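Me: Hi there! Could we walk through this structure together, one question at a time?

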Amino acid sequence: MPESTRMLCYLFMAGCAIMLTPSGALKSLNTSVMVISKEEAIISNHLVCEMSGDSIAATGEKLLKQLSQCQNLTADQIKAIQQIFSSGNTSFGPPSTWTSFVLDQLSRLILMLDYNILQSIPKNVLMPWLENSTLHSDLSQNHLVHIRESLKSSRTKRAIEMCPTDKVITKDILNDDLMDELLFYTPIELKLCLTKENLMNNISAFSDYPFIDEQLEAVKDKLDEIFPEGYPPAVFSNLGLIEKLIDEKKIKQWTINSTNTVHAFLDSVSSDKLRIAVIRRYTELRKQIDSDFLDVLGPYICLLNEDQLSMITEKSIEMATFLDLSNCSSAIKDHLYPKAKRAFSDRHYEYSEYYKRIRPFLGGAPGEDLRALSKNDVNMDIQTFLGLKGSSLMELTPENVKGLLGTNLNNLRDNQNVPLVREWIQKQKQSDLDSLGLGLQGGLSEGFILLKSKTMNATVLRLLA
């Protein structure tokens, strides 16, 4: 007696089938993808119903009769049975050769066949066999109806997945005068009938056309189908109304590793949430922020988070040619200024060149560095001046400010009511402000000032000269 048969006999005789679940009894057999004989299968009885899909597939058709009596087969088991039949390596032969006699022999096993196998059976065999249901006592009417409906629904599904001949979108339809016809397409028809060629050649027209939301969603679904790893720059540049249908979750599935793609997206969308998602996806895939990416970011460098800022190196700052930190938070300016200062340290004594390179980062400069710049005729423009850190500006004297602005000093008078400038004026001695010759008023007068208070009649303060 084979060893596996002896083991199964022992399990039954010892009463182990009562103490162990069937799956437990076969657990050790399944792990090695054991192949048992037909006789062994008869002895194993209902334990066959617990065999793994791999074991069933390896055993071939020997277990099919026993398996057909199982009540609740798993998807893995059913798939193994279907593989056995699809292979054609059974006594029944390939499904394409089956006759009505073979179908009679299959009995309940036909319920386990998938659509592809049923389609392989000659139609002049299967359909008459199904119609003559009274001849098949092993199968109920419900079973036969289920098979017929399965075949019918599958054929319908395949038909639906094809564009109706009267809905094909031609070049004539895409003509401006005729495109209104698309408004009468259902979302499904739009998705089925749009081709990559007519969509990409007319992307701006489709993205800005007054479709209802469901139709516009169908256009986007078609784009997702054509470009599963993310849209090319040509699409990003013409997103139009489609932008509102893109979410951060979808962007996480895209493969974004090109700066051209990022550039097209950043300049095309209006949502910072989407820009942040694209930047995050790029940095996740590339694991770096080099000078090319910094140039692409431009003003959108302000959207970087703390982890992404830490990826910026002094080398990448040195090599970048375009950065705009004017709208960035103080935290970002404070983070990047020290890196920029070190990056351009070799030009520290070439003040015209040094200032040109350090200028975008001066919003994070301390007062000490601004005073040093004021001695070198940098002629700071007023917008850069207004972007300086408030605490640093308050450390500067009127003489320092004159040195910074140089030929642009008169612009200070035009901006004296800007809150930052007004605060600075109020902290300066009026005599020092007068020395600028700009007519600035509101500084501190020298001498005594009488301040009235509810708790004190008067407090006399003397300002130190």
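Me: Is cysteine 193 buried or exposed, and what is its relative accessibility?

Reply: Happy to start there. This is a predicted model, in which local features need pLDDT of at least 70 and side-chain atom pairs count only at pLDDT 80 or more, while totals for chains, interfaces and linings use all residues. Residues are numbered from 1 along each chain as its sequence is written, and side-chain values use heavy atoms, with hydrogens and water left out. Buried means under 20% relative accessible area, exposed over 50%, and partly exposed in between (1.4 Å probe, protein chains only), and cysteine 193 counts as buried because its relative accessibility is 4%.

Me: Which cysteine forms a disulfide with cysteine 193?

Reply: A disulfide here is a pair of cysteine sulfur atoms within 2.5 Å. The link of this pair is right-handed, with 100 degrees about the S-S bond. The sulfur atom of cysteine 193 lies 2.0 Å from that of its partner, cysteine 163.

Me: Where do cysteine 163 and cysteine 193 lie, and how many residues apart are they?

Reply: Helices (H or I, at least four residues) and strands (E, at least two) are DSSP runs, numbered from the N terminus. Cysteine 163 is in the loop between α11 and α12, whereas cysteine 193 is in helix α12. The pair links distant parts of the chain, and the two are 30 residues apart.

Me: What handedness does the disulfide of cysteine 302 and cysteine 328 have?

Reply: The sulfur atoms of cysteine 302 and cysteine 328 are 2.0 Å apart. The torsion about their S-S bond is about -90 degrees, so this disulfide is left-handed.

Me: How many residues apart in sequence are the parts that cysteine 302 and cysteine 328 tie together?

Reply: Cysteine 302 counts as buried at 19% relative accessibility, and cysteine 328 counts as buried at 7%. Cysteine 302 sits in the loop between α20 (291–297) and α21 (306–310), and cysteine 328 in the loop between α22 (314–319) and α23 (330–343), so the parts they tie together are apart in sequence by 26 residues.

Me: Which cysteine is joined to cysteine 49, and what pattern do the disulfides follow?

Reply: The structure holds 3 disulfides. The one at cysteine 49 has an S to S distance of 2.0 Å and joins it to cysteine 70. With bonded cysteines counted along the chain, the pattern is 1-2, 3-4, 5-6.

Me: Why are aspartate 224 and lysine 220 separated by about one helical turn?

Reply: A salt bridge is a side-chain nitrogen of Lys or Arg within 4 Å of a carboxyl oxygen of Asp or Glu, and the side chains of aspartate 224 and lysine 220 meet in one at 2.8 Å, N to O. Aspartate 224 counts as buried at 12% relative accessibility, as does lysine 220 at 6%. They are separated by about one helical turn because they lie in helix α15 (residues 213–226) at a spacing of 4 residues.

Me: How far apart are the closest N and O atoms of aspartate 381 and arginine 359?

Reply: Aspartate 381 is partly exposed, with a relative accessible area of 27%, and arginine 359 counts as partly exposed at 35%. Their salt bridge has its closest N and O atoms at 3.9 Å.

Me: Which residues of helix α30 are buried, and why are they on the same side?

Reply: Helix α30 spans residues 419–426. The arc is that of the directions from the helix axis to the C-beta atoms. The buried residues of α30 are Leu420, Val421, Trp424 and Ile425. They are on the same side of α30 because they cover an arc of only 135 degrees.

Me: Which residues have the most contacts inside the largest nonpolar core?

Reply: A nonpolar core is a set of buried Ala, Val, Leu, Ile, Met, Phe, Trp, Tyr and Cys residues joined through side-chain atoms within 4.5 Å. The largest has 92 residues, and those with the most contacts inside it are Leu182, Ile301, Phe385, Leu412 and Trp424.
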